[in-house]
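Notebook open, structure loaded. I want to look up some helix packing first, then the aromatic rings.

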Amino acid sequence: MGKSRRKQKVIPPPELPPDVPEEDIEFSDEDLKFVKENTDYARFVSRIDTGAINRQCGGKVKTVEDKYEEERSKKKAHLEEKVKSSEIQVDPVDVLPVKNLDGTLHYRTVTKKSKLAEADTDDAEMDVLQDENTLNKSQRRAKAKKSKKEAKKQGKEFPEEIIQEEEETPQAAVLAEVKEELSAEERFETKKNKLAELGTELLSDPEAHIKSLKEMLEISKDENTKIVKLSLLSLLAVFKDIIPGYRIRLPTEKELEMKVSKEVKKTRFYESTLLNAYKAYLNKLIILERQTVYNQVATRCICTLLDAVPHFNYRDNLLSSVVRNISSPDEVVRRLCCSTIRSLFSNEGKHGGELTVDAVRLIAEHVKSYNCQLHPNSIEVFMSIRFDEDIGKRDSEDKNLKKSKKNNKRINQEEQNQGQENERKKSKLEMMSKIRDEVNADYKRETYEPDAKERRKMQTETLSRVFETYFRILRNTMHSIGESTEADTTSNHGAFGYHPLLAPCLDGLAKFTQQLDLDYIGDLMNYLKKLASSSSVSNNSKQKNSKLLTVSERLRCCLVAFKVMRSNLNALNVDLQDFFVQLYNLILEYRPGRDSGEVLAESLKIMLCDDRHQDMQKAAAFVKRLATFALCFGCAESMSALVTLKILLQRNIKCRNLLENDAGGGSVSGSISKYQPYATDPNLSGALATVLWELSLLTKHYHPSISTMAATISNMNTSQNQTFLSAVSPQQAFADFSLERESFEPKNETRKLNNKRKRESSEEAKNVPEIDMVEVKKKLIEKFTIVRGIKEDEKARMECS
Amino acid sequence: MGKLGKKARKFGKKNLQSVEKRNRKQKPFLKRKFAKRDGQREGKNVEEKKKIEPPHKKRCIEENPWDIFIDAVFSKDKNEALDYGDSDSDGYLAEDSDLTIAVVKGTEGKISDNKMSMQSKESLSELKKQRRKLAKLNEKLVDEGGSDIMKRKVLSGSVLSSCCDLVDEEQSVQALTSLLNWYRAACHYGQEPSGITKPDIYYDIEDSETFANVMIFVLQKADQTCRNMLGISGTSNKEKILKLKNNPKWDSVQPLIKSFLRSTMHLVQHGADLEIIVFALSQLRVSIVFFAAFPDLLKKLIKISIHLWVTGEETLSQQTFLILKEISMVFNSECFDTCLINMYKAYLHECDIPKEYSEQHVLFLRYSLVELCSRDMQKSYTKASVSITQLAKLLKMALTTKNKEAVEKIHSGQYTNCVDLWVNFIAANVQDCDLQPLLYTLVQVISGVAKLFIGPRYLLLRIKCIQWLNQLSRTSGIFIPVASLVLDMLEYNTTNEGEKQRMKLEAVSTVKLPKNWLKSQNFQERCIFSVIELLAGHFAQWSFHISFPELATIPVMRLKKFIERSTMEGLKRVVKRFIDQVELNIEFVQRMRDDAAFSPNDQQSAETFLQLEKRSTNAPYTQYYQSIVEKALGTKKKK
């Protein structure tokens, strides 16, 4: 290959090649051969505008002005010429000359002639290039690609040459193999490049290249998994970019018959091609998604598409496939699906809320068909749904606003007397609010809003689906507990544990209690009651029943029940007594490692701390039990129990009798005169008859905070009505005192420590046995004889030798 | 390393910080080399685990758990503490004519010392072989040198006795000098090429009786004689010795003392027989005060002693510990830290090496370390605090990140033994000093460890944790709730009735139990017995406390449930008996409590409640607890 040619090809032009007289250039045989073989490549040489080059390079030193002028004229000439000749001349990047070491000035100019010019697709690009003199991004990318291709072409030449040379050798078979391998690699490369090329084209001008979509789809049918994955991902990128912001409706036959302008035809063609390609792509994705190899990639594509263009055609297909994968055993896939659905729920504006309904419906069906044996994540997504209570209430709200404004005005009038400064302020405020109203009104008019009625309808359906699912799960759990005694324990539980959906279901119920219809609450409470007490019923059976609910789950049931009641303002006449009984017993069944302490702390907070009116008997029972509890468990549990205990004592003055050892304490003790520590019903425990002796031991607790807490509690006064309530909640206490939070920094105070234990030295040697002098002497003698013997032996040996 | 090297080092430490830094970096390699040889000495290929890199003061959470070293916390302080100089002379004392000047024979000293250090690193089993080789070499050299130049001084029994008399009666310096020279020869007997290095005089000993006598006499009397010469009587401290330098007699006696100390140390280092070393050490202990004048020798002594303390047998270990204790008491200001730190490190290093029957030895090491710590609370308090913080850091990392390496490091022998050490330290001293902050952190660390390792496979670790907590609680009188930790072990019963096997109770030194162990009947028994034992210990402490009934409520309930559930009759009976005892005690306390006239907030009255009964040992629960303890000891012995 010619040396000079290669140098000239470099795009930011370097200095010109050194001025070598033509005679001095030596051509190697190889070069000659190459040129002969590839005459096409060298064709440009014959067409070089030598005159121009000489003018450029060989000329004398010119002033800057001259230079400019010349450039301009040259540019003009080139613009005219360029169509005819494939030679390109890039403008000098730097107009200013460069001074060489020897003092001569060089102008950076470059004539660009390369094989690029011969590529057929280049013409358009070159035009742009010459017009703008700079490369825009996409072109640069394209060019990089092309140069890569070239490099490959060159690379290809070598093996071919080798093969030609050695064709007759016996290693032909091996070579053929090598060739095959190489070609496979090449094919992979070309396909990759092709994909990239098509993709960039599509992105740069979708309308013109819409047909390339089909080509890309063709590539995705490749056998190579890598290629397929790549093609899927690049198609994803393309579609994400070119899908319009509206749904495409294909023209009806009637419309097709009508005569339309060229523009419309073009658009119609574009849209139909896009839609067909999209459809084919989706089909492909949905088929591939079922194959394990492509599962992740395909799911990623589907999720991204659903997230990005939820308004577009065929979204239902996307949605159903996402929901199908929502409980996938593959962690990555599951995460993707869940987050997609969550974003669907939280960005309802993108699809007008329709997809929410569909998604919830699909999930509900999914849960039903899998008999509630799914991964908890699949239900957790419901937590992201937002239920807007104000739909359709806007008008009434506005009215309210006005009313209040009137009120304000009235107040204003009353206050007018108070001085003019005030008035000025008020008027300013009024003006501001007026402007704000106007802006709001304008905004409302502009934004697209679906019909309130429609939305309300959708929301109702969503709600009913969600609750349907929740109730199904509850019922399923109940059922499984009920049958557990007879059914074999090894029945299909899947990989998700025994009641995988119960926990998120309870969480969801707790969150959406306000939306719950009052009619259902009765049933719900019944369910919860049964679930909460489930294990105590079947506990008697000796068979170990792992299907039972765990302590955490039962605590959660109690919690939900309380939350439901609380959010409905205790409007219902439901007896919560059973739940208290459950909690009273559950406290004893708690195990630190196994059960979640956070749930326990939360239930202490909700059920005991927040409850205003408590039966004295019950409160006392809980106080006693919590104190006992605090004696047996770690700091975090103890602290949350003590905090609850303190709050209970502050609320119930009479319970403070527990703090005093009254000789005649029976006065308040009620019907049961003796405390029953193992009672299961708080009302029957007779706790009022006892004294909180636990505090005495707790003040000796190794944790300073617990010990001070116990001390403060024991010093609470019976007579005084302390209304002050501590701000710390049991949950907070639990979190603060858990070991994970512990800083483990010993307070490094400088403390004086006295060394009291200076024992006398005589004492020290006591435990050391006396040294037997005779033995020592014997050993010494022995040693000496041994060593002496050795020595003599050596000496004798030395002499012998 | 020569004298120049030492000076240069000193200079560098003062003026060239970067050199110092580099030195510190290189130290691990040196150390490692040394430790490896040690390992060979043990005849085992011990995995090298010593980390020397000094920890930085502030560490962030993300750091690598391998960076938190339990054993190297103090390395920054005194790493070079034991680089003792070998440059001092160790030659014979000049006699007669130039008695007053102790001729420094540098070359000789160097050679002999080099050999010494060489030998010290060889394995004990090979020592004799080496010695033989050396002797061979000596013979050759002697032959070459020619015997006519040599002036042989042979010590015979009669000479010895007359010398001894002179020393005894007249405190003759000359006689002592020659005795010491012979003593030196005796100490180096068979090891030193005495022929070539000092050709003019060659000390020899006639027979074994004399050999033994000179050794014993010098060891027993040298110290006292020197004292008499210097005019010190009774106890003397370090300052007194240092003051002696101004004493005119000092110049004459100093070389004698030095020779005596050196020779004895050589004997300790190379003496083959345990009894001889022990005897030499016991005599050396008396003269420790004299080391004040020879700091280099002192460092060397510390090093030797620590090595013997860690590796030696029972009596030897005890003797060396006495030496170390003496040193740290006499030279409190300079050497206490050095001793403590090096002993601490050696202890942890020893814990890492799994050895058969090492339990007793580790126990002794721990006790002696605790005893040493108790000597200077102020200093050991800071050490303990640093070490415990390090433990806590590692634990916190393991708890928050569940980092596998950190977790592994925690259930290593090093970690548990370190915790054990500080538990014992606190238990020993909590009565006298205010160790509340240390105690609190340590309790948190232990509960963290118990929380980190859940599950039956870590049964032994959990038992250990609870034992620590019980010990701390018992000694400090504070309340540490262990009930929930103990009761968790009840749930470890995973076996059904069918699979009952007997597994051999062996190889339980590993922290993690093998899986097949879990199904064995022994495991079940071990679980239940441990529960009873630990709970009984916990209850015994509070059995006369006014809150006892409440304390026992939940555990008793849990145990009752276990009885309902369990199918093993033998275990059920044991548990039943325990419950009965506890309930009896509950009733007793409740009865007494009903008569009490004070309220829970009256701490003082609560303290005195039932104290009288507590002292008498014939309360039923106390007796029951005693029987349990004895039984536990019995089963342990059986093993």
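How closely do the axes of helix α12 (residues 274–286) and helix α14 (residues 314–330) of chain B approach, and at what angle do they cross? I get axes that come within 9 Å and cross at roughly 15°. The axes are lines fitted to C-alpha atoms, for helices over the stretch in contact, with angles running from 0 to 180 degrees between N-to-C directions. Helices (H or I, at least four residues) and strands (E, at least two) are DSSP runs, numbered from the N terminus.

Ground rules, before I forget: this is a predicted model, where local features need pLDDT of at least 70 and side-chain atom pairs count only at pLDDT 80 or more, while totals for chains, interfaces and linings use all residues. Residues are numbered from 1 along each chain as its sequence is written, chains are lettered from A and ligands numbered from 1 in the order in which they are written, and side-chain values use heavy atoms, with hydrogens and water left out.

Back to chain B. The angle makes α12(B) roughly parallel to α14(B) (under 35 degrees is roughly parallel, over 145 roughly antiparallel, 65 to 115 roughly perpendicular, the rest oblique). I looked up who touches whom (heavy atoms within 4.5 Å): the α12(B) side includes B:Leu274, B:Ile277 and B:Arg285, and the α14(B) side includes B:Leu316, B:Ile323 and B:Glu326.

Next, aromatics. My search of the whole structure gave 25 aromatic pairs over all chains. Rings of Phe, Tyr and Trp (its six-membered ring) pair if their centres lie within 6.5 Å; planes under 30 degrees apart are stacked, over 60 edge-to-face, the rest tilted. A:Phe239 and A:Tyr278 have centres 5.2 Å apart and planes at 65°, so I log them as edge-to-face. A:Phe239 is in helix α10 (residues 225–242) and A:Tyr278 in helix α12 (residues 262–289) of chain A, 39 residues apart. A:Phe239 is buried at 0% relative accessible area (buried is under 20%, exposed over 50%, partly exposed in between; 1.4 Å probe, protein chains only). A:Tyr278 is buried too, at 0%.

Last, charges over rings (NZ of Lys or CZ of Arg within 6 Å of the ring centre and within 35 degrees of the ring normal). I found A:Lys618 over the face of A:Phe580, 3.6 Å from the ring centre. The charged end of A:Lys624 sits over the ring of A:Tyr675, 5.3 Å from its centre.
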